Amino acid sequence: GASGRPVLLGSSLQAPRPRRALLHKVARVLKLDPATLDRLVTLVVVNLPVVILAAMGVTNFWVAIALLNVSVIFLVFRGTPGADPAESAAGGRVPLTPMQPHCGSHLMPPGPQAGACGPEVSAADVSEDDEDESAEDLPKDDGDSTPFDAPVCVPSGPPPVSPPLCPRSAFDQSLTSHEGDELPLVSPPPPITTYRHVFGRTLLKGTDGQAHCWLPQHGPAFNLRVGPDYRRNNRKAPSGPELTWVVGMDLFTTPSKVTHIATELRLPDPTPEVGHLVLVHFMLPSYAPPNPLWGAKVTDGPGYSIVAGFAIPPATLKEMSAANSGPLELFYRWLTAFQQPDPTQIYERFKFIAKVANMTDPNLQFSSQLKKILENYNGKPVLSRPQHTVYHTANYTEIDIDVHTFCYIARFGLNGYLPKLAHMILDVALVIEGETNSELPEVALGCLQLSKLDLTKAQPW
């Protein structure tokens, strides 16, 4: 309290006792303040024994009487007026009782029994001050909160338990209100992690002939190594069926390189169809590479992030873990290489294939230099080492391929091809390079087709 003494919690919320009610009635009859009348009664009761002693001739108490009266009179005239329950009922503030619930943002009068909720509150009961609040100032609807037109009441009994933090699976639900939606009184709890984007929303799956989309592609569209003795025979043949399937893709513009992009994307949760996710993130520069003879080396700047997600079905994971040789064992070894003291050797065998499927399109006109580079490297496997980084978690494995640090010839060609990307149909495959006979034949890990990407439609990061 203000005096520094401890105050019992709830002591200020006690209902008026019968003596106090009688005091208020007498004060109204005498037209006195109830607090002042209370102190006057106390003055009389305290001084009555002293007056009796003085009348009996005990004069040595007069000095004590004078001092006592000075202190009591000070107490009488320093007090503030008390509150009258009748005045409160006529329009004053309703005092809280210990069992009275505080429902929502409105004070509810006590119900017929202790702990019961009072009358329901609707939008019509909101004060003018509440109505001045705009929709932007109100909490957003999470689908579970009570709207304004529903009863607002806290039930009796123990206090309600706060809702748990929003799980990852609930993040995809809309947390914004739309025109005409009712807004809740309580804002939703924050999610565990804040994401910039939901994966797979910025570049959608399309159909044949559609522009600015991705489509599934299949392993036999790519020629890969076969044994035995590939080093001596150099034989290649169409790949077997791909080991994964495409979950989705994204295309972003970025002011600089974004590493480990999965930490800022809302990824799909594991399901019977998605046992483990492999994310391949290409970081492409949108600026021209400086000439290596006289220009300063630049390895970061504005560009694009192309993210592709490949799901490994649980059945395939089970087969991979049981395999002793072949592409399944090789892929499983690559996925679990993080458990090894030095995973570099197997990580460096990751390669990708990009093949322009519509080379004869009249819109694909290039300079002699760019045309020669395209003819020489179109459909050829490219090892991403050492310009890649692998991140592994329980739910996903991400490989970032940093094209910003590729050699000058590769970046020069890429910078010339980007303006023509809106006319290209690109077939892409991911492969772990097989070296020994036990690791062959190679099989595509995942395949997709990029159909005429319009970089002006890339989503800003």
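**View 1. Trp334 and Tyr347 in the predicted model.** Trp334 is buried, at 1% relative accessible area. Tyr347 is buried too, at 12%. The two ring centres lie 5.8 Å apart. Their planes meet at 70°, so the pair is edge-to-face. Trp334 belongs to helix H8 (residues 326-335) and Tyr347 to helix H9 (residues 344-347). The pair thus links distant parts of the chain, 13 residues apart.

**View 2. Phe282 against Phe352.** The structure holds seven aromatic pairs, among them this one. Phe282 and Phe352 sit edge-to-face, 5.2 Å centre to centre, with 85° between the planes. Phe282 lies in strand S9, and Phe352 in strand S11 (residues 350-356), so the contact ties together parts 70 residues apart in sequence. Phe282 has a relative accessible area of 15% and is buried. Phe352 counts as buried at 11%.

**View 3. The six-stranded open sheet.** The strand order is S13-S14-S9-S10-S7-S17, with mixed pairing. Strands S13 (388-392) and S17 (459-460) stand at the edges. Each has a single partner strand, so one side of each is left without a neighbour in the sheet.

**View 4. Strand S9 beside strand S14.** S9 (residues 276-285) and S14 (residues 396-402) run parallel. Seven bridges join them. His281 stands opposite Asp400 in S14.

**View 5. Lys355 over Phe222.** The charged end of Lys355 sits over the ring of Phe222. The distance to the ring centre is 5.1 Å.

Note on methods
Residues are numbered from 1 along each chain as its sequence is written. This is a predicted model: local features need pLDDT of at least 70, side-chain atom pairs count only at pLDDT 80 or more; totals for chains, interfaces and linings use all residues. Side-chain values use heavy atoms; hydrogens and water are left out. Two strands pair if DSSP finds at least two bridges between them. Helices (H or I, at least four residues) and strands (E, at least two) are DSSP runs, numbered from the N terminus. Rings of Phe, Tyr and Trp (its six-membered ring) pair if their centres lie within 6.5 Å; planes under 30 degrees apart count as stacked, over 60 as edge-to-face and the rest as tilted. Buried means under 20% relative accessible area, exposed over 50%, partly exposed in between (1.4 Å probe, protein chains only). A charge sits over a ring if NZ of Lys or CZ of Arg is within 6 Å of the ring centre and within 35 degrees of the ring normal.
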